[in-house]
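Colleague: I am new to this structure and would like to learn how to read it feature by feature. Could you walk me through it, giving the general idea before each case?

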Amino acid sequence: MTHRIVIVGGGAGGLELATRLGRTLGKHQKACITLVDANLTHIWKPLMHEIAAGSLNSSADELNYVAQAKWNHFQFQIGRMTGLDRTSKQIRLAAITDEKGKEILAERTLPYDTLVISIGSNTNDFGTPGAAEHCLFLDTRAQAERFHQRLLNHYLHAQASTENAAPIDVAIVGAGATGVELAAELRNAAHQLVSYGLDRIQPDDLRITIIEAGPRVLPALPERIGEPVAQQLKKLGVRLITGAAVSSITEDGLTTKDGEFIPATLKVWAAGIRAPAFLADLDGLESNRINQLVVRPTLQTTRDDDIFAFGDCAACPMSGEDNRNVPPRAQAAHQQASLLVKSMKARLKGEALPEYHYKDYGSLISLSRYSAVGNLMGNLTGNIMLEGWLARMFYVSLYRLHQRALYGNFRTLLLLINDHLGHTLRPRLKLH
Ligand SMILES: Cc1cc2nc3c(=O)[nH]c(=O)nc-3n(C[C@H](O)[C@H](O)[C@H](O)COP(=O)(O)OP(=O)(O)OC[C@H]3O[C@@H](n4cnc5c(N)ncnc54)[C@H](O)[C@@H]3O)c2cc1C
């Protein structure tokens, strides 16, 4: 029987893996590749803050899994994984219902010979009282679109009102890449909305505050990236509060551990990650305190050679570093997907599996149309700092590389042209 490789999670890593295995092993019937995802379409997660601000229209950028599977010789099954039976080698998928609760697909099981879990992570609110009820998150397209809709509703309400429009206070918890990039995109959106005639709320009346528990902006990145980013945020009128942990959140705002109250109409939690809760108790697989599956350098789970995990949902040791894991980043998911293409081929031939070594190629932070800052790291270039237009070009190229892995060179070029045409044919900001 053909070897069955089931990949659960078609995100930054899983979709690249399914596509590349489909084009090689699937096309030549050397293995049957099945991708399972809870949704029908894929959006690259690092774009979520742009969807939230409205600078990216998610409908124009989504990839349909059914069509991608057909074009790249793999199978697609919609479904949310909820459990695992390692003895019978089957995963369990939850029933799917429509918006009225009517069952479309019953609860099912899916057999595998090799299972790869790449279901990503969610924001970790660390159980902060009020966060789940009052904050918006940017983990999924639906959440990002909800933020955008709420922002737009304030503008539409102000426009139709006869009274003076009240300022909008946006509080972002976390000065990591997501929080910082969202703040800059929102500042851009505030200017764009006025340029389209929604001018009752002037740009300065969208008041943005970032609250960070660490001592500085971008605490996980080198200080020489954080410093120019902090300066740029200041120029954009973004208020930055560092060294302040948020202790509770209500409808009206946030309170820090020091007792400071920060009023906020819109509250976004953009700090920390944790893997989906069901991984913590997945038929005896080892997991860590943030629910990630613990894997070896081959990306096999520690207790089952037939189950691999990678990307944000996996705790993969960083080679040569004590107690440090590979960071939850798209570039790591991409590198691991590339390694797993080789691993799956080696596995079918009964050869030894390659080991993963994280290679940090640097970090790029986009500050919307205003600037971009980052560093590039490579054997030839060393560690170089980039800022402005050049950094922006490298930042954009990261998404183009993801598209290239999914669509190939020619179709990525067509998408590039289409996007440029779209900029002249569509409004610069999503206004619905
Ligand atoms: C706003 C934002 C900006 C970011 N910017 C950057 C950046 O600039 N650079 C960078 O390197 N990283 C960035 N990241 C982090 C990056 O997005 C992640 O590290 C990366 O997406 C992880 O890839 P993944 O394949 O592990 O998971 P994901 O890309 O999150 O994909 C997970 C997939 O699994 C599916 N899924 C989830 N649960 C289930 C289930 N139970 N059953 C079936 N399917 C399931 C989801 O639908 C999704 O398709 C950003 C993240 C955010 C939120």
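**Reading the sheets and helices**

Modeller: Let us begin with a pair of strands: strand E13 (residues 168-173) and E19 pair in the parallel sense, over four bridges. Strands count as paired if DSSP finds at least two bridges between them, while the names come from DSSP runs numbered from the N terminus, with helices (H or I) of at least four residues and strands (E) of at least two. Within this pair, Val 170 stands opposite Leu 266 in E19. Please keep in mind that this is a predicted model, in which local features need pLDDT of at least 70 and side-chain atom pairs count only at pLDDT 80 or more, whereas totals for chains, interfaces and linings use all residues. Residues are numbered from 1 along each chain as its sequence is written, and side-chain values use heavy atoms, with hydrogens and water left out.

Colleague: What is the order of the strands in the open sheet of four strands with parallel pairing?

Modeller: The order is E15-E14-E13-E19. Strand E15 (239-241) and strand E19 (266-269) are the edge strands, each pairing on one side only. From one strand to the next the twist averages 15°; for such angles, axes are lines fitted to C-alpha atoms, for helices over the stretch in contact, and the angles run from 0 to 180 degrees between N-to-C directions. Helix H7 lies across E13, E14 and E19, and runs at about 175° to E14.

Colleague: In which strand is Ile 172 found, and is Ile 172 buried or exposed?

Modeller: Ile 172 is found in strand E13 and, at 0% relative accessibility, counts as buried. Contact means heavy atoms within 4.5 Å, and, not counting residues up to four places away in sequence, Ile 172 touches a set of residues that includes Leu 182, Leu 186, Ile 210 and Val 268. Ile 172 and Glu 212 are 40 residues apart in sequence, and their C-alpha atoms are 8.7 Å apart in space.

Colleague: How should I read the sheet with the order E16-E17-E18?

Modeller: This is an open sheet of three strands, with antiparallel pairing. Strand E16 (246-250) and strand E18 (261-263) stand at the edges with a single partner strand each, so one side of each is left without a neighbour in the sheet. Neighbouring strands here are turned by 20° against each other on average, direction ignored. E16 is joined to strand E17 (residues 253-256) by four bridges, and Val 246 stands opposite Thr 256 in E17.

Colleague: How many residues surround the ligand?

Modeller: A residue is near a molecule if one of its heavy atoms lies within 4 Å of it. Here 30 residues surround the ligand, and the closest are Gly 13, Asp 37, Met 81, Asp 312 and Ala 330. A polar contact is a pair of N or O atoms within 3.5 Å, and a polar side-chain atom of Tyr 65 lies 3.5 Å from an oxygen atom of the ligand. A backbone N or O atom of Pro 328 lies 3.2 Å from an oxygen atom of the ligand.

Notes
Polar contact = N/O pair within 3.5 Å; in protein donor to acceptor, adjacent residues only side chain to side chain. Buried < 20%, exposed > 50% of the residue type's maximum accessible area, 1.4 Å probe, protein only.
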